[in-house]
Amino acid sequence: MIGALARMPSTLRTFGGSQVSNLVGLLIVAGALALTLQHVLQHSASFFFQILIIGIADGTIYGLIALGYTMVYGIIELINFAHGDVFTLGGYFSLALFPIFGIAEGKAGFGYVIPLLVVAAITMLLCGVVNVAIERVAYRPLRHAPRLAPLITAIGMSSILEGAMYLWRGPNSLHYPDLLPLTRFNIGPVNIGVKDLIVITFALVLVVVFTLFINLSKLGKAMRATAQDRDAAQLMGIDINRTISATFFIGAALAGAGGITWGLYISSVDPFLGFITGLIAFTAAVFGGIGNIPGAALGGLLIGLIRAFSDSYFDSSWTEVLIFGILIATLVFRPTGLLGMRVPEK
Amino acid sequence: MALLEVSGIDVFYGRVQAVRGASLTVDAGEVVALIGSNGAGKTTTLRTISGLLHPAGGKITFNGKDITRTEPQNIVHLGICQSPEGRRLFARMSVLDNLRMGAYTRKNAVEIKRDMERVFELFPRLKERSNQIAGTLSGGEQQMCAMGRALMAKPKLLMLDEPSLGLAPILVETIFNIVREINAQGTPVLLVEQNAHKALEVAHRGYVLETGVIVQTGTGKELLESEEVQRAYLGM
């Protein structure tokens, strides 16, 4: 009895603190869902499924980009603002590579599968190299500087990449060749494009391979160890500079793959695409729990769905307001994100 | 020639000098204790030997090789492994993964497996908890995991920083018995401790560090009986 009384105040405190903000968060989510449901019921089911598929496709691409943000944040606690532009660079590199491999619009077929995968591999490699170089030149010398310094350099690197793409191919948006089949088919009320399926499968395979790599490979474990305790990782014999470089490389390779997927899906890229797409993917990473890898994939998917539904059921001019509202709400009500966990301190 | 030879190192944090001209040696087969109060520079000395800090002056050699400016990961490859102050486990990994990280520099899977068994013999508790997330272990279990992890590197010199800090008396006893056992199996140990009494009981030799300077040295027994040590560190 006395014990129960002694525990009371702390129970009340918990309720007064995080419980209330959880409650507010839940109310907001419930309200949004109710509103969405009302709109959904006004339209046909097939429209709903079409939007759902667009949302999933966009979401897996956001997830690919968000993984790079979250990995880099996890390991050096830096928001790599240049990451969104590395994603755009993926689109630009692949556009430049297509003619070399004889890929052009209008002749799409199975013969393109291999060259397309080769282009994807080279693009991922190039994006990786660029990001590793950025880390080496712009972030590593500032590793012991106050946090704000590398953050500002990151914004600078972002501008430099955007400027470089602007100089390379001009300010206008570039047409990205339609290489994926445009065939559509029906499963019950669901109308799916082969293109949607290819995009979703490609992105999902990369996310799964990447997750397995992080969890099972020696380098993946070294990355997680370095993210959790850099000094301890060094004391285990891990070369942290190499590990950090590898993190930037892999994050950029995924972003580069995202750039190609985006081009194939949306059919255009422009030098500033990565700015807004990067911010949205960053929101996805925070939403899922920054530093948390499954969180980034989940956050990407959810943000993709939210964007697709907001665009089609409400008004696309409000979509960005909604998405960045989520960013702010996450930071205010649940800074650790959906899957972010509190770990007992050592 | 000593296995580890630290001669006259000066270590700074920015402009503050934490260690002043400290020299010490560890020979094969020994347990050497480095004692001193809080802030005396004990941890700084270990971090410098591990290469996390580089000395401004002086020299460190291991097996005759100069490691004064060697990077930490290469020092581990040479055979010095440390269980750091505060344990510093990988809190979100399982006990098993933490131990595996300890063997990061090693290739031979058969030997790694054998050493894993050896760690589990030393710390049966870790075997029971092998799939638990390290951050959720009790303090004593975390210390065992940190020591086990360092042993997984198969070190030629094991450095333990404050292994008994914050542990219940019965566990302190266990930890020091295990230090003895590890040493008996052939691994030299450099032990940093605030619990001077226990440390000197286990150690063959000891050094007393005061505000960054080594003020006294001798066998464990000599230091235990020394008046200054008794007054300053043993509360007698």
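**Entry 1: Cys127(A).** I began with the surroundings of Cys127(A) in this predicted model, and, leaving out residues up to four places away in sequence, I found that Cys127(A) touches Val86(A), Leu89(A), Gly90(A) and Phe93(A), and also Ala252(A), Ala253(A), Ala255(A) and Gly256(A). I then looked up the largest nonpolar core, which has 157 residues, and noted that Cys127(A) is listed with Leu64(A) and Leu191(B) as having the most contacts inside that core. In chain B, this core takes at least three residues from domain 1 (1–79 + 155–169 + 187–236) and at least three from domain 2 (88–154).

**Entry 2: helix H9 of chain A.** Next I turned to helix H9 of chain A, which runs over residues 240–266. I noted that its 27 residues reach 38 Å from the first C-alpha to the last, close to the 39 Å expected at 1.5 Å a residue. Is this helix enclosed or open to the outside? I found that 22 of the 27 residues of H9(A) are buried, so the helix is largely enclosed by the rest of the structure. After H9(A) comes Ser267(A), and I wrote down that its phi is positive, near 70°.

**Entry 3: H2 and H10 of chain A.** I then checked how helix H2 (residues 45–76) of chain A packs against helix H10 (residues 273–288) of chain A, and found an angle of about 70° with the axes 8 Å apart. Because angles from 65 to 115 degrees count as roughly perpendicular, I recorded H2(A) and H10(A) as roughly perpendicular to each other. Among the residues that meet there, I listed Tyr62(A), Ile65(A) and Tyr69(A) from H2(A), and Ile280(A), Phe282(A) and Gly288(A) from H10(A).

**Entry 4: where the chains touch.** I looked up the contacts between the chains and found that 17 residues of chain A are in contact with 24 residues of chain B. On the side of chain A that touches chain B, helix H7 (218–228) and helix H8 (230–235) each supply at least two residues, and H7(A) gives the most, with 5 residues.

**Entry 5: Leu234(B).** Last, I located Leu234(B) in the segment after helix H10 (227–233) of chain B. Is Leu234(B) buried, exposed or partly exposed? I counted Leu234(B) as partly exposed, because 15 other C-beta atoms lie within 10 Å. Leaving aside neighbours within four places in sequence, I found Leu234(B) in contact with Ala196(B), His197(B) and Val229(B). I also noted that Leu234(B) and Thr25(B) are 209 residues apart in sequence, and 24 Å apart in space from C-alpha to C-alpha.

Notes: Residues numbered from 1 in each chain as written. Chains lettered and ligands numbered in written order. Predicted model: local features only at pLDDT ≥ 70, side-chain atom pairs only at ≥ 80, totals over all residues. Core = buried A, V, L, I, M, F, W, Y, C linked by C-beta atoms within 7 Å. Buried ≥ 20, exposed ≤ 12 C-beta atoms within 10 Å, placed from the backbone. Domains from an automatic or database assignment. Contact = placed C-beta atoms within 7 Å. Helix = DSSP H or I, 4+ residues; strand = E, 2+ residues; numbered from the N terminus. Expected span 1.5 Å × (residues − 1). Axes fitted to C-alpha atoms, helices over the stretch in contact; angles between N-to-C directions. Parallel < 35°, antiparallel > 145°, perpendicular 65-115°, else oblique.
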